[in-house]
Amino acid sequence: MYNIKNITDYLFIGKPPLKADAIFVVGGSLPEAAELAAELYKNEYADKIIIGGKYSIKRDCFPLPEYETEYDFYKDILLKNGVNESDIYGENKSGYTKQNAEFAKRVVDENNLLINKALIVCKSFHAKRCLLLYQMYFQNVDFTVVTFDGFDISKNNWYQTEYGRERVMGEIKRIEEQTGEHYADLG
């Protein structure tokens, strides 16, 4: 059996935002991600937002019929929340987190964006995997992960429901699969 405190400390690494060059929004279908990014943008934490995502590889389409992709969904939310269209960059091909990071790197390179410091916006239990994967593709960028509690899962309650435990333990499995890192010390 895993130790709840060790897992919580390892995965839930969100921090308060710092001034940065860009905000990366990891693909997904929760509006809170784009809403948080828009809030950070309006509060001048960064002047560029890079969004990504087609839809989950677990699905045949984006779950909201009025949008084709996560990118379309996030862009619409950003625009409705006051983000200038010229400050939004992104891609609509990625189907999972590693591709979000990989394809975001292409967007940054293709647009000649200079990024030394960046914020990553994602669900709280998804923070460690996002950080590790974005660091793989942006090796010279200093990242701060800013999180929100998606699916009613937080660092204070994830272990209290079967759904929370499944999502969190799934993160550990996917970290190992997508980064090759092993976590025997989480016991």
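Is Asp 152 buried or exposed? Select Asp 152 to find out: at 71% relative accessibility, this residue counts as exposed (over 50% relative accessible area; buried is under 20%, partly exposed in between, with a 1.4 Å probe and protein chains only).

This is a predicted model, where local features need pLDDT of at least 70, side-chain atom pairs count only at pLDDT 80 or more, and totals for chains, interfaces and linings use all residues. Residues are numbered from 1 along each chain as its sequence is written, and side-chain values use heavy atoms, leaving out hydrogens and water.

**Two loop residues**

Stay on Asp 152. It sits in the loop between β5 (142-148) and α6 (162-179). Helices (H or I, at least four residues) and strands (E, at least two) are DSSP runs, numbered from the N terminus. Check the backbone: phi of Asp 152 is near 60 degrees, a positive value in a residue other than glycine. Most residues other than glycine have a negative phi.

Now select Glu 44, in the loop between α2 (31-42) and β2 (49-52). Glu 44 is not a glycine, yet has a positive phi of about 60 degrees. Glu 44 is exposed, at 57% relative accessible area.

**A helix pair**

Next, show α5 (residues 127-137) with α6: they pack at about 10 degrees, axes 10 Å apart. Axes are lines fitted to C-alpha atoms, for helices over the stretch in contact, and angles run from 0 to 180 degrees between N-to-C directions. The two helices are therefore roughly parallel (angles under 35 degrees).

Finally, pick out the contact (heavy atoms within 4.5 Å). Residues of α5 including Leu 132 and Met 136 meet residues of α6 including Ile 175 and Thr 179.

Terms used. Parallel < 35°, antiparallel > 145°, perpendicular 65-115°, else oblique.
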